[in-house]
Structures are given as structure tokens and as C-alpha cells.
Amino acid sequence: WYQRRVREAVVSTQSTGSSGINAEYGRRPGPRRDLRESHHADKLPASLYKNLTSSNWQERYSGIADLLDLTIKQPADVRHCIVRVSDAFTPRLKDPNSKVNLYALQCLLRMLPHLETSLDQVLTPLTEQLIPNLASQRANIVTLTSQILDGFRVHVDNIQLVCEYCRIMKSQSNPRVKPIILDKISDMIRDVYDARPKLIEQMAIPILIDNHDCLSSNSGVKQPRFLCRSARSAPSSKYGFAAPQRNRSTQTRQRSSR
């Protein structure tokens, strides 16, 4: 009888003690942690996700139109559940149906200003679906994709964007894609170098140098302009872009003596 009463007392103490701790520190039950996210997710209709992932191309097309309309009218709600939206929408950027593929690119280009910095959270899923489009045989697909990537430069953190492009280049082998990505990296060097010089010197410039041979006439990028722009943006004698100060002074003295 004594041992049974002791066990009951221990169990009672443990149960009241745990609730007492929760009451003392004001802890809420676990499911309420995501109350705000669920609240915003509930504002988006369930039909949106259903249509975006439908096997019927017309329903997918309709889902993209609905997402564009919601992004313009309710941008805050879309931004707060951007990851869930991205999971359903990004496959449409490489949709097997040409009409859906083209329309998804057109709508994404229009949605960029409304999504703002929330794009940072889904940059990798977006680029993984967008980059293969640069190798498309359809000129309008390539043009739209390039315009979206240019839009990222305005609406996405450029440091993160340079890192993403460098990651892509390390695994990219398509000769139609590489020149475009290299040119976009070189365009951002000057702005990013001011904030993160080591990032440019250790990551971006080596990639530019290692891949400069892949630049061809069809990319619209000339090798001299490409290398000179990189040199002006992030001069570094380590990579042979700029002569050391000592050598320039020597040249000046030689000219003076002449």
C-alpha cells in the first residue's frame, strides 16, 4: 500500500510540475507556433494549388492566371506562403506544354516587383527551373528567361544571386547556357565587390577565368570586354588582371628618364 501511494504521488508531481513550468514561462502548445503562417495560407484558395499541379494543361494555365491575379491584389498573402506557392508554381516554368511554359514565364516576369525580397527564400528552386530554358530552341523562351534573371538583379539580394550563379556554373556544361550566366556574373561584380570583395576574388573571378574560353560569338559577349570589365570591377594581381603598383611606378620612372 505504501509503495503504491508513493508511485501515485510521483506521477501526480510530474504531471503538475510540467504544466506548472509551462504556465510559469507562458509556453504555448506546439501547433500554435505556425498560427500566422496558417492564417495567411488559408487566405489563398485551395483550388490554386490544385490547378497548378493538375495533370490537365488548361487547369495549370488557369492556376497560373489565378496566381498572377492574387500576387497583384494580395501580395502580402502570397509572400507569407512563398515556399508553398513556389513548390506548386516552379515546375510550370519548365512545363512540358509549350503554352503553359511560356505563360508561366510571362507571369513570373510580371510578379517579380510584387514578390520583392521574398524571392530570396525560393531563389534556388526558381533558378533550377529557369536555367534549362536558356538552352531552348525557342527564342521567346530564351528572351523571357534572360529578362527574369535580369529582374532578379533588381529584386533579389545580389550577394546571394552571385553565389547562386557560381553554384550553377560549377555543375553547368551546356555551351548555350554558360556564356549567358558568365555575363550576368560579370555584370554584378562591381556592385558586389564593394560589399564582399573576398567573395568575388575567391569565388566569382576564378569561375570567370576558368570558363572564359566558352564565350562565343552567339552569346553576344566579346572576350576582351568580358575580361576588361572583370578587371575594372575587381582588380587583383593574383589573377593577372592588374599589374602591381610597384611595376606601374617602375614604368613611370622609365618614361620620365626617357
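## Helix 12

In this predicted model, the buried residues of helix 12 are L199, I200, A204, I205, P206, I207 and L208. The helix covers residues 197–210, which makes 14 residues, and its first and last C-alpha atoms lie 19 Å apart, close to the 20 Å expected at 1.5 Å a residue. At A204 helix 12 bends by about 35 degrees. A proline, P206, follows that residue within four residues.

I207 belongs to helix 12. This residue counts as buried because its relative accessibility is 9%, and the limit for burial is under 20%. Apart from its neighbours within four places in sequence, I207 is in contact with C166, M169, K170 and L182.

## Overall architecture

The protein contains 14 helices and zero strands. Its pattern along the sequence is accordingly written α-α-α-α-α-α-α-α-α-α-α-α-α-α.

Of its 258 residues, 40% count as buried. When contacts between residues at least 6 apart in sequence are considered, 68% of them join residues at least 24 apart.

## Helix 4 and helix 7

Two packed helices are described by the angle between their axes and the distance between the axes. For helix 4 (residues 57–73) and helix 7, the axes come within 9 Å and cross at roughly 10 degrees. Helix 4 is therefore roughly parallel to helix 7, as angles under 35 degrees are counted in that class. On the helix 4 side, the contact is made by W57, R60, Y61, I64, A65, L67, L68, T71 and I72. Helix 7 contributes K99, V100, Y103, A104, C107, R110, M111, H114 and L115.

## Helix 10 and its partners

Helix 10 (residues 158–171) crosses helix 9 (residues 139–155) at roughly 140 degrees, and the two axes come within 8 Å. The crossing of helix 9 and helix 10 is right-handed. In this pair, L149, F152 and R153 of helix 9 meet N158, L161 and Y165 of helix 10.

Helix 8 (residues 123–130) also crosses helix 10, with axes that come within 11 Å and an angle of roughly 45 degrees. Helix 8 is thus oblique to helix 10. The crossing of helix 8 and helix 10 is right-handed. Here L123, T124, T127 and E128 of helix 8 meet Q160, L161, E164, R167 and I168 of helix 10. L161 of helix 10 takes part in the contact with helix 9 and in the contact with helix 8.

S86 is placed in helix 6 (residues 82–89). Its relative accessible area is 4%, so S86 is buried. With neighbours within four places in sequence left aside, S86 is in contact with P91, V122 and P125.

P179 is located in helix 11 (residues 178–195). This proline is buried, with a relative accessible area of 1%. Ten residues separate P179 from M169 along the chain, and their C-alpha atoms are 9.9 Å apart. M169 is also among the residues in contact with I207.

Most residues other than glycine have a negative phi. Against this background, E116 has a positive phi of about 55 degrees, although it is not a glycine.

Where does E116 lie? This residue is found in the loop between helix 7 (98–115) and helix 8. E116 is partly exposed because its relative accessible area is 40%, and that class lies between the limits of 20% for buried and 50% for exposed.

Technical notes
Residues numbered from 1 in each chain as written. Predicted model: local features only at pLDDT ≥ 70, side-chain atom pairs only at ≥ 80, totals over all residues. Heavy atoms only, no water. Helix = DSSP H or I, 4+ residues; strand = E, 2+ residues; numbered from the N terminus. Expected span 1.5 Å × (residues − 1). Bend = angle between axes of the 7 residues up to and from the residue. Buried < 20%, exposed > 50% of the residue type's maximum accessible area, 1.4 Å probe, protein only. Axes fitted to C-alpha atoms, helices over the stretch in contact; angles between N-to-C directions. Left-handed = near helix turned anticlockwise from the far one by under 90°. Contact = heavy atoms within 4.5 Å. Parallel < 35°, antiparallel > 145°, perpendicular 65-115°, else oblique.
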